[in-house]
Amino acid sequence: MQYHSTRNNAISVRSAQAIKQGLSTEGGLFVPDSFPRIGTEEIASLAGKSYHDRAYFVLSRFLTDFSEKDLMACIKGAYTRDKFGTDAIAPVYKFNDRVYFLELWHGPTCAFKDMALQILPYFLTTSMKMTGEDKEIIILVATSGDTGKAALEGFRDVNGTRIIVFYPDNGVSEIQKLQMVTQRGNNVSVAAVKGNFDDAQSGVKRIFTDEDYKKLLDRNGFKLSSANSINWGRLVPQIVYYFSAYADLLSCGEIKVGDEINIVVPTGNFGNILAAYYAKKMGLPVKKFICASNENNVLTDFIKTGVYDRNRVFHTTISPSMDILISSNLERFLYDLSGCDDAVVSELMAKLAEDGVYEVSADIKAKITEIFDADCCDDKETMAAIRDTFTEGGYVIDTHTAVGKCVYNKYVSRTGDMTKTVIASTASPFKFNQSVLIALEDYNAVAGKNEFELLDMLEKKSGMKVPVSLAELKDRTAIFNTVVPKEDMENTVSDFLKVE
Ligand SMILES: *Cc1c(COP(=O)(O)O)cnc(C)c1O
């Protein structure tokens with residue numbers, strides 16, 4: 001299988017090259033040249049299989065240049081019981097006869113980013129071997145919280161790589177900050193940037209596009225790469241768990257072979273929901289995708305109207321990993337819907353860059369509304385969804401998953417659709433302990449409590465165990481105390497790498 005760029009069909013590379021490069025040279029994203037079809041009987045055969053076998057089943061169809069031995073080594077290295085606390089890796093929780101939560105947060109950093117960032121370093125090092133890369137790969141990350149920690153955990157002590165993470169000084173939760181500044185590993189660096197997430201992100205982009213700086217790194221034996229969801233190696237592992245969830249529903253007798261389900265995804269960058277859409281293209285029986293946004297509802301408007309308009313106020317919400325106004329993976333979706341028309345995608349992306357707004361054709365719009373539904377909710381509704389879910393089923397969900405649940409409830413009241421539904425549960429409630437506890441109790445209950453008291457409180461309330469990786473932060477000392485002005489990020493990288 002070959003990969004093309006969404007902005008230039010003439011570009012054609014193998015998956016190893018696409019993963020190593022991250023982004024195509026003219027700014028497009030890599031997409032596979034076709035989607036392998038899988039029959040319903042074949043999907044049904046996954047019911048009795050392990051997560052490793054399910055992963056191999058899906059990944060081997062896309063990473064066709066990887067040998068069976070190499071690919072299985074990637075899968076077995078990434079998805080271990082030790083790291084995920086369960087052999088199921090991504091277990092399905094039955095909430096009632098119609099609603100199921102796909103728990104994607106059992107990995108080492110307690111958010112769904114682990115599902116991809118645990119395996120990406122294996123893909124990348126294998127790809128480097130396959131393409132004869134002799135430079136050391138430097139992963140540069142700007143994070144609003146979850147990606148940074150998940151990337152640090154994934155890449156720590158991985159030979160041939162180093163990772164540098166920048167986070168906004170005052171833009172992440174206390175737990176998220178603790179997770180990053182106490183990171184261990186012999187190839188990791190973390191720094192806070194004085195500013196917000198956009199400042200950190202722009203700083204990283206500047207470094208990526210500074211040709212002189214890249215030459216300097218090159219002379220010193222370094223090559224930059226990216227671990228965010230524009231990389232195909234981060235997207236493809238996410239297709240696996242939708243097949244896995246379907247197989248689990250089959251094996252528990254919740255659905256029959258060929259039954260259609262709905263899938264709800266709390267969405268930011270459009271990566272997770274795109275992976276679900278790709279699963280449907282491959283043959284997974286899905287009736288509707290329900291795209292859930294918080295107050296940053298640029299995608300809700302797009303799916304309803306066909307107009308993407310990022311010119312709006314940015315809201316800081318209690319579901320911060322979805323606070324985003326440019327959903328970069330939408331580009332892959334548009335490529336698909338336009339019938340792989342690179343000219344259409346290039347034009348739309350140019351409009352987005354220049355005016356911050358574009359409108360898709362009537363044909364594309366019709367295709368979207370046929371299988372996608374979308375809605376949004378504010379923080380108050382998110383809180384109410386956490387409370388109601390607990391009252392109804394004794395089950396505690398995090399703020400992001402709650403956006404999904406709230407939007408799903410709105411969808412059912414609006415449509416009466418009683419199709420069995422899987423809601424992607426994207427973070428452990430412990431990671432957003434304060435907001436979750438305020439929802440379950442009230443402000444007074446959390447006042448004056450530190451992070452670890454809050455974790456204990458939530459453990460008692462929920463009946464779930466505090467994840468070990470969060471509990472042990474208490475005894476960790478902060479290693480990375482650097483705070484840099486946003487203009488100084490390049491120097492920070494030079495200091496870490498000891499280049500001049
Ligand atoms: C990243 C993230 C999301 C959004 O996922 P996208 O793939 O960017 O749409 C949702 N919830 C949590 C907890 C996340 O970390």
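Q: How many residues lie between strand 1 and strand 2 in their hairpin?
A: Welcome to this predicted model, where local features need pLDDT of at least 70 and side-chain atom pairs count only at pLDDT 80 or more, while totals for chains, interfaces and linings use all residues. Residues are numbered from 1 along each chain as its sequence is written, and side-chain values use heavy atoms, leaving out hydrogens and water. Strands are DSSP runs (E, at least two residues), numbered from the N terminus. Between strand 1 and strand 2 of the hairpin, the number of residues is 2.

Q: Why does the radius of gyration agree with a compact globule?
A: The radius is taken over C-alpha atoms, and the globule rule is 2.2 Å times the number of residues to the power 0.38. For 500 residues a compact globule would come near 23 Å, so the protein agrees with its value of 22 Å.

Q: What share of the residues is buried?
A: Buried means under 20% relative accessible area, with a 1.4 Å probe and protein chains only. Of the 500 residues, the buried share is 58%.

Q: How many helices and strands does the protein have?
A: Helices are DSSP runs too (H or I, at least four residues). The protein's secondary structure comes to 24 helices and 16 strands.

Key
Buried < 20%, exposed > 50% of the residue type's maximum accessible area, 1.4 Å probe, protein only. Pairing = 2+ DSSP bridges.
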